[in-house]
Amino acid sequence: MRCGAGAPHEDAEGRTALDFELTDEQRMVRDTARAFCDKEIAPYARDWDRREEMDPEIVPKLAEVGFLGAGIPEDYGGNPIDHVSYCLLIEELGRADSSVRGIVSVNVGLVAKTVLAWGTEEQKRRWLPGLCSGETLGCFGLTEPGSGSDAASLRTRAVRDGEDWVLSGSKLFITNGTWAGVALIMARTGGEGARGITAFLVPTNADGFSATKVTGKLGLRAQDTGELHLDGVRVPDANRLGGEGEGFRVAMSALDKGRMSLAAGSVGIAQGCLDASIAYATERKQFDRPIARFQLVQELIAETAVEVEAARLLVLRAASKADRGEKHTLESSFAKLYASEVAVRASNAAVQVHGGYGYIDEYPVGKYLRDARVATLYEGTSQIQKLLIGRALTGENAFA
Ligand SMILES: Cc1cc2nc3c(=O)[nH]c(=O)nc-3n(C[C@H](O)[C@H](O)[C@H](O)COP(=O)(O)OP(=O)(O)OC[C@H]3O[C@@H](n4cnc5c(N)ncnc54)[C@H](O)[C@@H]3O)c2cc1C
């Protein structure tokens, strides 16, 4: 179910209210992304979901269209678009398939942009071209079996041995985990707490590194999620990203970008649900009239429409701040908290609009609901976002 020019939420020229603030280039990125998603992703997404496996050929295609290097300078093999364009691109991916969207969000938002922000010139030249070309896909290893929300309590250790570091431990629920060529691993090099953590770029073909697939997910079924095992993995000090003890800051700066990206993907889900609901409600007849004529069905659609627009504005506000080089931690949390909850509400409403047909696989809304559900959990649950926002606004730390 797609929403092209002339669809209900667009004007006669195919523009949403927001487009009046977009540049021609930003609109072009969005339109290119939409065309790519229509051709290369949407037609296959439900089959991949059913098989719990996507075609790995999607990775070189994502690289070729410039998605894997989105926002990375050309010098490093990237596609230097701004954050607003990046979020528009991610929204399109989210509307087409969240499993594919996650590949890009993690590779770009959590890994490549973090290397760009924290890496030495040598590290950028070594890692960014492979991340942008998809030859060395990235994954982000923060969560462990015993530490999720309380990420600063992680136990993976890195011990100094001459010019090297030796890493041991495990990471759980890692997106791109078994596909990645490089893992950004947060490990403990010092004492307890956030200040004892250091970040490392770990090649996944290093001795002692292995990854196993996490299966049986509620949604994102086609996406590669892995558990990483590090058993005495040796990396040179040149693979340390940022200073010793700065790993938690590295991870949190990655999440500023990651949360914005996840929020954009959530807007895509919610927009897809809105499109599908409008199309279905105007076609489906009960009591001799389209169900769209019933006010209670219109309520479901109208509430979703308002929330989608509001969520998109929050995403683009965070992206605009990032484009101005301003700190956007709080705005990313606003966008992530709201847009992820909107995606869950919108997909639930869309299933309601579809009635029993929403509960089977014939329409896209059931998959949207399953895929949306994780958005309020990862990259900081909704509860954690509220505590981060509360801390920023009041100065009181609920984590301490
Ligand atoms: C499909 C998928 C992909 C993922 N990809 C990645 C990835 O690529 N890299 C990575 O590092 N991680 C990844 N994660 C992990 C994800 O970020 C964590 O699952 C998330 O941070 C929550 O941690 P947890 O699962 O341990 O839950 P917990 O932290 O155990 O939370 C359980 C519940 O307790 C609540 N809670 C915890 N602490 C508080 C508090 N102080 N106040 C109020 N409520 C609280 C939570 O909100 C939640 O409702 C992924 C997870 C999934 C499911």
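User: How far does a backbone N or O atom of Glu-379 lie from an oxygen atom of the ligand?

Analyst: This is a predicted model: local features need pLDDT of at least 70, side-chain atom pairs count only at pLDDT 80 or more, and totals for chains, interfaces and linings use all residues. Numbering runs from 1 along each chain as its sequence is written, and side-chain values use heavy atoms, without hydrogens and water. A polar contact here is a pair of N or O atoms within 3.5 Å. For the Glu-379 backbone atom and the ligand oxygen, the distance is 3.4 Å.

User: Which residue has a side-chain N or O atom 2.8 Å from a ligand oxygen?

Analyst: Phe-173 uses a polar backbone atom, 2.7 Å from a ligand nitrogen. The side-chain atom at 2.8 Å from a ligand oxygen belongs to Gln-383.

User: How much of the ligand's accessible area does the protein cover?

Analyst: Accessible area comes from the Shrake-Rupley method with a 1.4 Å probe. On its own, the ligand has 980 Å². The protein covers 65%.

User: Between which domains does the ligand lie, and why?

Analyst: The protein has three domains, with bounds from an automatic or database assignment: domain 1 (17–137), domain 2 (139–246) and domain 3 (249–394). Two of them give residues to the shell around the ligand, so the ligand lies between domain 2 and domain 3.

User: How many residues of domain 2 are in contact with domain 1?

Analyst: The C-alpha centres of these two domains lie 23 Å apart. Contact means heavy atoms within 4.5 Å. Domain 1 brings 25 residues to the contact, and domain 2 brings 22.

Methods: Polar contact = N/O pair within 3.5 Å; in protein donor to acceptor, adjacent residues only side chain to side chain.
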